Amino acid sequence: MKKAQTIFQQGNHIWRVVARDPERPNYLIDTNEYLISYNGKSLLTDPGGMEIFPSVFAAICAATNPEDIVALFASHQDPDIISSLSLWLEFNPELPCYIPWLWTGFIPHFGGNKDTFIPIPDPGMSIQLNGLELKTIPAHYLHSSGNSNLYDPVARILFSGDIGAALLPADETNIFVYDFDKTIKSAEGFHRRWMGSNYAKQNWCERVSKLDIDMLCPQHGAIFQGADVERFINWFAELEVGVLQR
Ligand code: FE
């Protein structure tokens, strides 16, 4: 079963992760969903696929009231990111969904109508969450051609989507990275193959190096925190990507 766990709390400002699920069927890639709450209203990042909707929804219900979710955020178009959209809209048809503008003609195949989608322009935008200003950070070609991260400058947390993703063995259930070298071994093949552009990657590394980041939260794998954040960015900067695995 998935479970929502708090990874940051400062008064009414909370980040929860609905972390990967060791009991899921192993033909499904495991995912992390993040629920950002501020003064009682929440935004859900990369809500996941329709296959895992029941377990994500149940985990959120066990932690908080899902009616307080006021927006969805999809970093890109993949099925494990946002194919649950129509189920979320069955729960609340008014729910807006922030998506990179490039995918505005494609993601509606998962559901929604002309009022559902708020396109994120290429340079990024601010998202207001009940008084908290979140910033989208461009991450195009990493891996999707239209791709966005989400930064919370108050909590100093970057939701990094597929960047930082590690395909960890099933017995690695830690939410946080505890052995950087071990985690990075499970991340290397994924980044080499899935990340599409060395130029875009270099650009991203420079962009995020300027941000204060206490936690880098990927959609697969474990969360990098403290010194491991910079360690990861430096590792990624050096990695050759967009090539078939050698
Ligand atoms: Fe993806």
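Where is Gln 219 found? Gln 219 sits in the loop between β12 (215-218) and β13 (224-225), and this briefing returns to it below. Do keep in mind that this is a predicted model, in which local features need pLDDT of at least 70, side-chain atom pairs count only at pLDDT 80 or more, and totals for chains, interfaces and linings use all residues. Residues are numbered from 1 along each chain as its sequence is written, and side-chain values use heavy atoms, with hydrogens and water left out. Helices (H or I, at least four residues) and strands (E, at least two) are DSSP runs, numbered from the N terminus.

**The iron site**

- The iron ion is coordinated by His 76 (NE2), Asp 78 (OD), His 143 (NE2) and Asp 162 (OD), at 2.0 to 2.6 Å.
- Donors here are N, O and S atoms within 2.8 Å of the metal (3.2 Å for Na, K and Ca); water is not among the atoms, so sites may look incomplete.
- The angles subtended by the four donor atoms around the iron ion run from 80 to 169°, which makes the arrangement irregular.
- For reference, four donors count as tetrahedral if all angles lie between 85 and 135 degrees; four count as square planar and six as octahedral if opposite donors are over 155 degrees apart and all others between 65 and 115; anything else is irregular.
- Along the sequence, the donor residues of the iron ion follow the spacing H-x1-D-x64-H-x18-D.
- Asp 78 and His 143 are both buried, where buried means under 20% relative accessible area, exposed over 50% and partly exposed in between (1.4 Å probe, protein chains only).

**Gln 219 and its surroundings**

- With a relative accessibility of 0%, Gln 219 counts as buried.
- Not counting residues up to four places away in sequence, Gln 219 touches Asp 30, Thr 31, Asn 32, Asp 46, Asp 80, Ile 81, Phe 159, Gly 161 and Asp 162; contact means heavy atoms within 4.5 Å.
- One of those partners, Asp 162, is also a donor to the iron ion.

**The nonpolar core**

- The largest nonpolar core has 29 residues, and Trp 204, Phe 232 and Phe 236 have the most contacts inside it.
- Such a core is a set of buried Ala, Val, Leu, Ile, Met, Phe, Trp, Tyr and Cys residues joined through side-chain atoms within 4.5 Å.
- At least two residues of this core come from each of α4 (180-194), α5 (198-209) and α6, and α6 gives the most, with five residues.
- Leaving aside neighbours within four places in sequence, Phe 232 is in contact with Ile 163, Gly 164, Phe 180, Ile 184, His 191, Trp 204, Leu 216 and Phe 224.

**Aromatic pairs**

- There are 16 aromatic pairs in the structure; rings of Phe, Tyr and Trp (its six-membered ring) pair if their centres lie within 6.5 Å, and planes under 30 degrees apart count as stacked, over 60 as edge-to-face and the rest as tilted.
- Phe 57 and Phe 91 have ring centres 5.0 Å apart and planes at 70°, so this pair is edge-to-face.
- Because Phe 57 lies in helix α1 (residues 53-63) and Phe 91 in helix α3 (residues 85-91), the pair ties together parts that are 34 residues apart in sequence.
- Phe 57 is buried at 19% relative accessible area, whereas Phe 91 is partly exposed at 31%.
- Phe 232 and Phe 236 are stacked, at 5.7 Å centre to centre and 25° between the planes; both lie in helix α6 (residues 227-238), four residues apart, about one turn of the helix.
- A cluster of linked ring pairs takes in Phe 180, Trp 204, Phe 224, Phe 232, Trp 235 and Phe 236.

**Backbone details**

- Asn 39, in the loop between β3 (33-38) and β4 (41-45), has a positive phi of about 45° although it is not a glycine.
- Arg 156, in the loop between β10 and β11 (157-161), also has a positive phi, near 60°.
- Most residues other than glycine have a negative phi, and most peptide bonds are trans.
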